[in-house]
Amino acid sequence: MTKPPKPKPLLQDADKPVRSRPRRSRNPAQPNLPLDPMPDRIDPCLALLKARPPKGDDWVYEIKWDGYRLAVHIEPSGVRILTRGGHDWTDRFPAIKQAALWLPVGTAILDGEAVVLDQQGRSDFGLLQRSLGGRGGKKSSSDAIFMAFDLLYFDGRDLRNSEHDMRRHLLEDLVPAEGQGDIRLSEEIDADGDQLLASACELDLEGIVAKRRRAPYRPGRGGDWIKIKCVQSDSFIIVGHEISMAARGHIGSLLLAARKGDDLVYVGSVGTGFKESEAWKLRGLMDRIKRKTPAIKYVGRRKNVVWLQPTLIAEIEYRAWTDDGQLRHSSYKGLREVQDNAAIYEME
């Protein structure tokens, strides 16, 4: 005959205390929790430029912001704010740093854009540059806010292999929509891509960004993110300037170049968009990098041209290209910082 099971001590005598097994001491070489190591830096996912929005339910849309791409690292030792090139700009955005310290999270890496908004609530690259003291300036910006659009690390978990929708869900819990602080949510917009682009252009916004819902976070321009612009805006190298005593800073126009393989090619000039104080600062920078011969092949007939070392990078807004590869209706927006690691326009 089978013996009945031996009753457990708890059932045997209610007066006896319940005791667990003796606990072994923890191996100090093992972590307390199986957490993912926090990356020191993450190369950003970049948006691929396209003429039209993609179609299908696999895409979600956001407004395109015009500022500096940043990663906000919330770490046990404090907050670090890194540029796209990996330079530490924490001290230049004190308000964003303080807002990050107030977020209800232990560790996190937020991906987003530092912007300054104009009176209509639109991001303005020129305003952001002036708030930082211009290119090469050392000012801290009290006007810049951080528009967060991705979450790459969250309380000990590396989210880069998670789908965009999951990362977005966690980000929306961390940064509430319609917030008015120095860290705000770049909201997703449920709309038809073509209609959203038309509305963005009517409001004089820079454009929109489409993101693939089920894609992980991958560095570079792999096509998971696509940008569609209302007005073209790209970075070009200043290779010279034309002197005009009647113009601000005595800058009649800037001569611009793009990359074509290992070479620089002339793409035209820009003579509008200069503010008085910015023009004189720019003139001072250019006076330090003069050279006798052009860094490009130039067959134009401009007078009073001063050639420059190809080190200054300008952000230029323009409407189109001519058939011979020149910018049309161009306007100067400001100088890019070296730390921003701005991509020079590549000619096909």
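Figure 1. Trp 321 is partly exposed, at 26% relative accessible area, while Tyr 318 sits at 1% and is buried (buried is under 20%, exposed over 50%, partly exposed in between, with a 1.4 Å probe and protein chains only). Bear in mind that this is a predicted model, where local features need pLDDT of at least 70 and side-chain atom pairs 80 or more, while totals for chains, interfaces and linings take in all residues. Residues are numbered from 1 along each chain as its sequence is written, and side-chain values use heavy atoms, leaving out hydrogens and water. Across the whole structure there are 11 aromatic pairs (Phe, Tyr and six-membered Trp rings with centres within 6.5 Å; planes under 30 degrees apart are stacked, over 60 edge-to-face, the rest tilted). One of them is Tyr 68 with Trp 89, an edge-to-face pair at 5.4 Å centre to centre and 80 degrees between the planes. That pair bridges 21 residues of chain, from Tyr 68 in strand S3 to Trp 89 in the loop between S4 and helix H2 (94-102). Back at Tyr 318 and Trp 321, the ring centres are 5.6 Å apart and the planes meet at 75 degrees, so this pair is edge-to-face.

**Figure 2. The aromatic cluster around Tyr 68 and Trp 89.** Tyr 68 and Trp 89 share one cluster with Phe 93 and Phe 125. Both Tyr 68 and Trp 89 are buried.

**Figure 3. The disulfide between Cys 201 and Cys 230.** A search of the whole structure turns up one disulfide (cysteine sulfurs within 2.5 Å). Here the sulfurs of Cys 201 and Cys 230 are 2.2 Å apart. The torsion about their S-S bond is about -95 degrees, so the disulfide is left-handed. Cys 201 belongs to helix H5 (residues 193-202) and Cys 230 to the loop between strand S10 (225-229) and strand S11 (232-243), so the bond ties together parts 29 residues apart in sequence (helices, H or I with at least four residues, and strands, E with at least two, are DSSP runs numbered from the N terminus). Cys 201 is partly exposed at 31% relative accessible area, and Cys 230 is partly exposed too, at 24%. Elsewhere, Cys 45 is buried at 2%.

**Figure 4. The open sheet S1-S10-S9-S2.** Four strands line up in that order, with mixed pairing (strands pair if DSSP finds at least two bridges between them). Strand S1 (48-49) and strand S2 (59-63) are the edges, each pairing on one side only. Inside the sheet, strand S9 (residues 207-212) runs antiparallel to S10, with five bridges joining the two. Look for Ala 210, whose bridge partner in S10 is Ile 226, and for Lys 211, which stands opposite Trp 225. Five bridges also join S9 to S2, again antiparallel, and there Trp 59 stands opposite Arg 212. S9 is mostly covered, with five of its six residues buried.

**Figure 5. The one cavity of 30 Å³ or more.** Volume here means the space filled by probe spheres on grid points joined across faces, edges and corners. The lining has 14 residues, with Ile 42, Pro 44, Leu 70, Ala 71 and Thr 83 nearest the centre. Strand S3 (68-75), strand S4 (78-83) and strand S5 (108-115) each give at least two residues to the lining, and S3 has the largest share with four. By class, the lining splits into eight nonpolar, two polar and four charged residues (Ala, Val, Leu, Ile, Met, Phe, Trp, Tyr, Cys and Pro are nonpolar; Asp, Glu, Lys and Arg charged; the others, Gly among them, polar).

**Figure 6. The largest pocket, with about 760 Å³ of space.** Of its 33 lining residues, Ala 47, Lys 64, Arg 84, Arg 221 and Lys 227 lie nearest the centre. The lining counts 13 nonpolar, four polar and 16 charged residues.

**Figure 7. The second largest pocket, at about 580 Å³.** There are 26 lining residues, and Asp 66, Ser 123, Asp 124, Glu 317 and Lys 333 lie nearest the centre. Helix H3 (125-131) and strand S19 (331-335) are the elements that give two or more residues to this lining. By class, the lining has eight nonpolar, five polar and 13 charged residues.

How values were computed. On a 1 Å grid over the protein atoms alone, a cavity is a set of points where a 1.4 Å probe fits but cannot get out, and a pocket is an open set with protein on both sides within 12 Å along at least five of seven lines; lining residues have an atom within 4 Å of a point.
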